[in-house]
Amino acid sequence: MKLSTTLTSAALLALLGASFSAQAYDADWKRGRVYYRSVCTSCHVALPLGAINPSTKTKADWSAYLQADKHAKGKETVSKYVSKAYRASIKSANKAAEKFAETPDQELADDIKAFLLKGAKDGDAPASCS
């Protein structure tokens with residue numbers, strides 16, 4: 001009986017510990033919007049590629065694009081432009097990169113994705129970045 005109670009208590013503690021450590025990050029679409037508009041569009045407006053408004057793609061299109069992690073026709077990755085290293089390299093010229101310099105890469109990527117999905121053609125609030 002004592003062994004059964006001990007095992008049950010251990011299993012319960014393990015389960016509770018796992019649920020507290022596995023809490024998902026709740027993406028902040030507003031922070032994603034600030035970064036996207038300040039960093040992503042600053043380059044795309046300057047280059048002949050043109051503006052990249054969230055509403056130019058559907059949620060499925062954005063999800064596939066981000067999942068593929070392709071940028072510049074596959075020559076670079078999207079994750080490069082979200083990385084702390086990239087933010088450090090442009091922070092003297094870009095306030096958003098400076099503001100989010102210490103934000104973990106995955107959190108910022110999740111924030112940007114949340115903004116893109118919200119602003120997608122079929123999202124809750126289709127958005128442009130003009």
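1. Let me start with Asp105. At 34% relative accessibility it counts as partly exposed; the scale here is buried under 20% relative accessible area, exposed over 50%, and partly exposed in between, using a 1.4 Å probe and protein chains only. Asp105 makes a salt bridge with Arg87, with 2.7 Å between the closest N and O atoms. A salt bridge here is a side-chain nitrogen of Lys or Arg within 4 Å of a carboxyl oxygen of Asp or Glu. Asp105 sits in helix α6 and Arg87 in helix α4 (residues 84-90), so this pair ties together parts that are 18 residues apart in sequence.

2. A word on ground rules. This is a predicted model, where local features need pLDDT of at least 70 and side-chain atom pairs count only at pLDDT 80 or more, while totals for chains, interfaces and linings use all residues. Residues are numbered from 1 along each chain as its sequence is written, and side-chain values use heavy atoms, with hydrogens and water left out.

3. Now the overall build. The protein chain has 6 helices and 0 strands, and from the N terminus on its elements run α-α-α-α-α-α. Those assignments are DSSP runs numbered from the N terminus: helices are H or I with at least four residues, strands are E with at least two. Of the 130 residues in the chain, 27% are buried. The chain exposes about 8,500 Å², of which carbon and sulfur atoms supply 59%; accessible areas come from the Shrake-Rupley method with a 1.4 Å probe, and for residues only the protein chains shown count as cover.

4. Contacts next, meaning heavy atoms within 4.5 Å. Among contacts in the protein chain between residues at least 6 apart in sequence, 62% join residues at least 24 apart.

5. Is it buried or exposed? Arg87 is buried, with a relative accessible area of 0%. Setting aside neighbours within four places in sequence, its contacts include Tyr35, Val82, Phe100, Pro104, Asp105 and Leu108.

6. How many salt bridges are there in total? The count comes to 5. One of them joins Asp111 to Arg31, with the closest N and O atoms 2.4 Å apart. Asp111 lies in helix α6 (residues 105-119) and Arg31 in helix α2 (residues 29-46), so the pair ties together parts that are 80 residues apart in sequence. Asp111 is buried at 0% relative accessible area, and Arg31 also counts as buried, at 17%. Glu76 and Lys80 form another salt bridge, at 3.4 Å from N to O. Glu76 is partly exposed, with a relative accessible area of 28%, and Lys80 is partly exposed at 36%.

7. Asp110 and Trp29 are 81 residues apart in sequence, yet their C-alpha atoms are 8.3 Å apart in space. Leaving aside neighbours within four places in sequence, Asp110 is in contact with Tyr25 and Ala27.

8. On to the largest nonpolar core, where a core is a set of buried Ala, Val, Leu, Ile, Met, Phe, Trp, Tyr and Cys residues joined through side-chain atoms within 4.5 Å. Of its 18 residues, Tyr35, Tyr36, Val39, Tyr86, Ile112 and Leu116 touch the most other members. The elements giving two or more residues to this core are α2, α4, α5 (95-99) and α6. Not counting residues up to four places away in sequence, Ile112 touches Gly32, Tyr35, Tyr36 and Val82.

9. Last, the largest pocket, which holds about 560 Å³ of space. For the method: on a 1 Å grid over the protein atoms alone, a pocket is an open set of points with protein on both sides within 12 Å along at least five of seven lines, and lining residues have an atom within 4 Å of a point. Grid points are joined across faces, edges and corners, and the volume is the space filled by probe spheres set on the points.

Technical notes
1 Å grid on protein atoms, 1.4 Å probe; cavity = no way out; pocket = protein on both sides within 12 Å on 5 of 7 lines; lining within 4 Å.
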